[in-house]
Amino acid sequence: MFQSFNFDQLEEVFLKSFHMKYMLTLVLAFGSTSFSLAQDKDEEMVYLQPEKHAEFKGGPAGWTKFLSSKLRYPSLATKMGVEGPVFVSFIINKKGKVIDPVVIRSPHESLSKEAVRVLKLSPKWKPAKHEGKIVKSRVQVQIQFKLPKG
C-alpha cells in the first residue's frame, strides 16, 4: 500500500499525569522531507513524506492533552499486566480528519482497540502540504502503554 517509512526523527512526548495513575508515552514519528506517494482506496494520492507534515492542532502539547483526557487503560490489559507500544498508521485527509487507522504492531488486542478508539475521536489536524497544496498524508504514531510500578 505504501512505498516506505523512512523516519529520520522521533520526537518523544511523555505524559506526566494520567487518570488512574497510568503512564503513557507518546512518540510521534515524522518522516524526512523527501517525496514519496501511495494511493488510497479512492485513487487519490496519499503523501508519505510531504514537504510539510500534518500536525495536531496545538502541537505535541495539544496531542498529549487530548490523549490524556480520552485514553483509558483497558481493564483486561491491566489484569494481565500487559504493557508496551502500539504502533498505528492512519491518513489525515485534506480536511484534517483522521481516517483509516490501522494497527501495525501491538502487545495486545485490547491496547490496539483503545488506541484506535481514541484516534477516531481525534479533532481535526492541520493537513499536510506539498508544493504549496493541501494533500492527504499518512501518519504513524506510537502510543506507549505502561503500568505503574508497585
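Author: Lys-52 and Glu-55 join their side chains in a salt bridge at 3.3 Å, N to O. The model is predicted, so local features need pLDDT of at least 70 and side-chain atom pairs count only at pLDDT 80 or more, while totals for chains, interfaces and linings use all residues. Residues are numbered from 1 along each chain as its sequence is written, and side-chain values use heavy atoms, with hydrogens and water left out.

Reader: What is a salt bridge?

Author: Side chains of opposite charge can pair when their charged atoms come close. The term here means a side-chain nitrogen of Lys or Arg within 4 Å of a carboxyl oxygen of Asp or Glu. A search of the whole structure finds seven.

Reader: Which residues are linked in a network of salt bridges?

Author: Glu-44, Lys-94 and Lys-136 are. Lys-94 meets Glu-44 at 3.0 Å, N to O. Lys-94 sits in the loop between β6 and β7 and Glu-44 in the loop between β3 (37–39) and β4, 50 residues apart. Strands such as these are DSSP runs (E, at least two residues), as helices are (H or I, at least four), numbered from the N terminus. Glu-44 also meets Lys-136, at 4.0 Å, N to O. Lys-136 lies in strand β10, so this pair ties together parts that are 92 residues apart in sequence.

Reader: Is Lys-136 buried or exposed?

Author: Buried means under 20% relative accessible area, exposed over 50%, and partly exposed in between (1.4 Å probe, protein chains only). Lys-136 has 4%, so the residue is buried. Glu-44, at 28%, is partly exposed, and Lys-94, at 44%, is partly exposed.

Reader: Which strands pair with β10?

Author: Two strands pair if DSSP finds at least two bridges between them. Strand β4 (residues 45–47) and β10 are parallel, with two bridges; Val-46 has Lys-136 as its bridge partner. β6 runs antiparallel to β10 over nine bridges, and Pro-85 stands opposite Gln-144. Strand β9 (residues 128–130) is antiparallel to β10 too, with three bridges. β9 and β10 form a hairpin with two residues between them, and Glu-131 in the turn has a positive phi of about 50°.
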